[in-house]
Structures are given as C-alpha cells and as structure tokens.
Amino acid sequence: MPALLKRLAEEGLAHQENLRVYFAPVTSTAPPSHGVKGFCFTRKDFARIEPEYFTLAESLGLATLPYPSLQLGGCVAAHPEGSVVEPDGTLQKCWDTVGQPEFAVGNLLEYDPLQLAENPVYQRWMSWDPFSEELACSRCTWLPACMGGCPLKVVFPEAMPEGKVELECTTFKWNWKRTFTLLAERAGEAEPAPRPCTG
C-alpha cells in the first residue's frame with residue numbers, strides 16, 4: 001500500500017480538488033468470494049492499520065483523515081426502492097449478489113411492484129433492522145456511524161463463509177482513539193498563532 005500511494009503521488013494525482021483516496025477492507029461476502037476468506041484482514045486488524053494508511057496518504061496529498069459521520073439511511077439494499085440492475089434486467093438488492101440468481105428479487109423488464117413485495121428474498125431484505133434486540137448493534141455506541149454495517153451478512157447468514165451472522169462494525173470502533181488523536185493534532189496545527197498583547 002505505501003508503494004502504491006507513493007506511485008499515485010509521483011504520477012501527479014496528489015493535491016487534486018476532485019480526487020481523494022480512501023481505504024476499505026476486502027471482505028468475503030457472497031459465495032463466489034469465499035475463497036479469499038483466509039487472505040483478508042479481519043475488521044479489527046484492518047482498523048489497526050487504517051490510521052497509518054490515512055496518515056501516509058494525507059502526507060502525500062492524496063487524502064484527509066476521516067471523521068465518523070451519521071449514516072442516516074444505512075445500506076441501500078435494505079430500502080424498498082433500492083436495486084441493482086443486471087444487464088438482462090435482473091433486479092438484485094445488493095451489488096455483492098450480482099450474478100447469483102438465488103438472490104434475485106425480480107426483473108426490470110417484467111416489473112410488478114406487488115409481485116416484488118411478495119418475493120421471499122425481497123421480504124428477507126426488508127426484515128433488516130439494526131435496532132433489533134437480537135443484534136449487538138442495538139447496544140453499540142457506534143450504531144449511528146455504521147447503521148449495522150452490511151445487511152447481507154445478517155439477513156443471509158447461510159451465504160457467509162462460516163454460515164453464521166457476521167456483523168460488519170465500523171473501524172472507528174477499534175481505532176477511534178488513534179484517529180481522534182490525529183484529528184486533534186491536525187486541528188491544533190490549523191489554529192492561528194495567538195496575537196501578542198499590546199498594552
């Protein structure tokens with residue numbers, strides 16, 4: 001990653017108004033990606049290195065440190081009108097399930113809202129509730145920053161590599177002290193020097 005960031009800066013992508021680098025862990029979600037499970041960071045391990053990647057990217061003019069923000073809507077897959085359209089018109093709720101007919105909720109070329117609402121896969125998506133008392137999310141102080149993470153990993157646990165519910169917590173849950181310390185340092189650097197008293 002450091003070599004890639006340095007290469008991006010060398011190629012003239014640093015300090016661009018319309019370009020910012022951000023980091024996201026590679027995850028194993030739906031069945032086609034299960035083979036990479038053993039090669040991926042856990043969310044916790046990724047959270048440990050994320051601030052250092054952002055610090056390096058920031059020093060190269062490619063990024064700014066992230067600050068947790070409210071996720072008012074959560075994942076679009078859990079919204080009634082949210083859809084991903086495949087080339088043949090197949091409707092999926094999630095881009096991680098594209099190409100997997102068992103997750104399809106209908107077809108755009110034969111769109112019928114009533115039929116869509118009765119689709120059992122669609123109904124499972126609509127059952128997603130990060131506030132459910134059955135989930136640890138409902139007791140987590142970081143819930144407003146992630147809204148429960150990826151609903152696919154909860155609504156379809158049988159599709160996960162371990163065949164069980166996998167909560168996708170925000171990385172701030174583990175690296176907030178380091179990240180907030182860095183943000184505070186940046187804020188201190190940005191403050192203007194105090195003006196001398198003139199008696």
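How do the residues of the lining of the largest pocket divide into nonpolar, polar and charged? In this predicted model, 21 of them are nonpolar, nine are polar and six are charged.

**The largest pocket**
- The volume of the largest pocket is about 1,000 Å³.
- Its lining is made up of 36 residues, and those nearest the centre are Y22, A24, R43, Q71 and E168.
- Two elements, α2 (43–59) and α5 (143–146), each give two or more residues to this lining.
- Helix α2 contributes the most, with four residues.

**The nonpolar cores**
- The largest nonpolar core holds 21 residues, and V105, W125, W128, L152 and F156 have the most contacts inside it.
- Elements that supply two or more residues to this core are α4 (120–126) and α6 (152–155).
- Apart from neighbours within four places in sequence, W128 is in contact with A78, L135, M147, G148, G149, P151, V154 and V155.

**T179**
- T179 belongs to helix α7, which spans residues 172–190.
- When residues up to four places away in sequence are not counted, T179 touches P51, P66 and F172.

Key. Residues numbered from 1 in each chain as written. Predicted model: local features only at pLDDT ≥ 70, side-chain atom pairs only at ≥ 80, totals over all residues. Heavy atoms only, no water. Core = buried A, V, L, I, M, F, W, Y, C linked by side-chain atoms within 4.5 Å. Buried < 20%, exposed > 50% of the residue type's maximum accessible area, 1.4 Å probe, protein only. Contact = heavy atoms within 4.5 Å. 1 Å grid on protein atoms, 1.4 Å probe; cavity = no way out; pocket = protein on both sides within 12 Å on 5 of 7 lines; lining within 4 Å. Points joined across faces, edges and corners; volume = space filled by probe spheres on them. Nonpolar A, V, L, I, M, F, W, Y, C, P; charged D, E, K, R; others polar.
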